Amino acid sequence: MDRVSVVTDIRQANQNAAHENRKVFDKCGSCVINLMSAPGAGKTSVLEATIREIAPSFKVAVIEGDLETTFDSDRIRAMGVPAHQITTGSVCHLDARMVAKALAVFPPDGADLVVIENVGNLVCPAEFNLGEDLRVMVFSVVEGADKPKKYPLMFHTSDVVLLNKIDLLPYSGVALSELLRNVVEVNPRAAIFPISCRTGEGMEGWIGWLTQELKTRSRQALSTLKT
Amino acid sequence: MHELSIAESILDIAAAEAATHHAAAVTTIKVRLGNFTGVVREALEFAFEIARQGTVAASATLEIESVPLRTRCPSCDMTGSSDFCFICERCGTPLDILSGREMQVESIELAEEEVPWIASR
Ligand SMILES: Nc1nc2c(ncn2[C@@H]2O[C@H](COP(=O)(O)OP(=O)(O)OP(=O)(O)O)[C@@H](O)[C@H]2O)c(=O)[nH]1
Ligand SMILES: [Mg+2]
Ligand SMILES: [Zn+2]
């Protein structure tokens with residue numbers, strides 16, 4: 001019997017595919033967001049609200065991941081924004097190869113921003129890099145202040161945490177300060193914005209941050225083109 | 001159940017290794033699994049039982065070594081085993097992760113290839 005040392009990252013195959021996606025996005029000059037959350041936290045609502053605010057200045061394209069149905073891509077297309085639906089059947093997350101397949105038929109040529117809405121799941125998507133620039137997580141505040149500690153991985157690996165549905169805080173018994181403290185402890189480097197897609201409260205903070213990010217990135221892309 | 005796709009990736013890595021070594025079968029797969037990953041050990045063990053069927057590792061054992069979460073402060077060098085609090089208790093700086101995010105096939109054990117003319121005689 002032979003013992004062979006291997007030392008290979010189990011995520012390597014996905015990582016390689018993510019790297020290929022990255023090249024496609026770079027060629028298109030797109031900034032890419034991997035939008036993640038538990039089911040129903042408000043990913044598509046955030047996307048709709050964000051598109052409404054930035055669509056005049058930036059070209060957006062959307063890739064939707066769901067277990068079943070084209071409901072979410074229909075919602076985005078209804079806003080006049082190109083959208084492609086991936087249905088995973090029973091797979092609880094998007095992986096880089098699924099996104100590669102989508103890119104083959106849905107190249108985001110000329111899009112300043114590509115948003116990939118992941119399958120609603122609070123754990124699994126966090127381990128699968130899709131080739132994104134930014135990981136944005138939506139969390140519905142009514143789910144409880146303890147959740148960042150119970151499900152730390154997605155909070156920890158996100159660049160932005162949007163604490164959505166703050167209009168429901170008065171009915172939920174959740175203390176925003178306690179929730180904020182837990183998010184900061186799990187991820188002290190994240191940009192955190194309490195928002196409501198229903199009332200629009202807090203949206204200007206997130207939109208301002210994103211707009212700044214998109215401008216900085218397109219300037220960087222321009223300067224690398226020139227050099 | 002993303003543990004199934006993790007199990008499949010493990011088996012792909014093992015199968016590729018078995019092929020390069022012209023082995024007949026994989027008998028053991030050793031994996032290092034960090035405590036701060038999206039993978040549940042029991043779920044992975046269960047998924048592995050299903051995914052290994054019909055592969056070169058059909059009767060392989062999966063040995064999982066758990067790796068604890070360890071952190072270090074980039075500013076004051078304090079190390080610890082943070083309870084999912086990534087702020088240095090001494091100086092308030094965001095902590096770096098030393099270990100706990102591993103998801104690695106470390107080694108495999110192979111059974112030698114049966115020599116075809118012996119097998120057929
Ligand atoms: N009260 C309130 N409801 C909201 C808010 N944002 C979203 N919702 C509601 O929450 C529900 C789910 O919103 P979606 O945007 O579909 O959530 P999602 O994360 O895209 O859901 P999946 O893609 O199915 O995982 C809908 O009924 C929304 O109207 C908010 O800020 N406040
Ligand atoms: Mg949705
Ligand atoms: Zn410190």
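Analyst: Strand 6 (residues 134-140) of chain A has seven of its seven residues buried, so it is largely enclosed by the rest of the structure. Buried means under 20% relative accessible area, against over 50% for exposed and in between for partly exposed (1.4 Å probe, protein chains only). Strands (E, at least two residues) and helices (H or I, at least four) are DSSP runs, numbered from the N terminus.

User: Which residues point which way from strand 6 of chain A?

Analyst: Leu134(A), Val136(A), Val138(A) and Ser140(A) point one way, while Arg135(A), Met137(A) and Phe139(A) point the other way.

User: What does strand 2 of chain A do with strand 6?

Analyst: Strand 2 (residues 31-36) pairs with strand 6 in the parallel sense over four bridges; pairing requires at least two DSSP bridges between the strands. Ile33(A) has Leu134(A) as its bridge partner. Strand 7 (residues 160-164) also runs parallel to strand 6, joined by five bridges, and there Val138(A) partners Leu162(A).

User: Now the metal. Which residues coordinate the magnesium ion (ligand 2)?

Analyst: Thr44(A) (OG1), Asp72(A) (OD) and Glu117(A) (OE) coordinate the ion at 2.1 Å. Donors are N, O and S atoms within 2.8 Å of the metal (3.2 Å for Na, K and Ca); water is not among the atoms, so sites may look incomplete.

User: Are Thr44(A) and Asp72(A) buried or exposed?

Analyst: Both Thr44(A) and Asp72(A) are buried.

User: How should I read the numbering and values?

Analyst: This is a predicted model, where local features need pLDDT of at least 70 and side-chain atom pairs pLDDT 80 or more, while totals for chains, interfaces and linings use all residues. Residues are numbered from 1 along each chain as its sequence is written, chains are lettered from A and ligands numbered from 1 in the order written, and side-chain values use heavy atoms, leaving out hydrogens and water.
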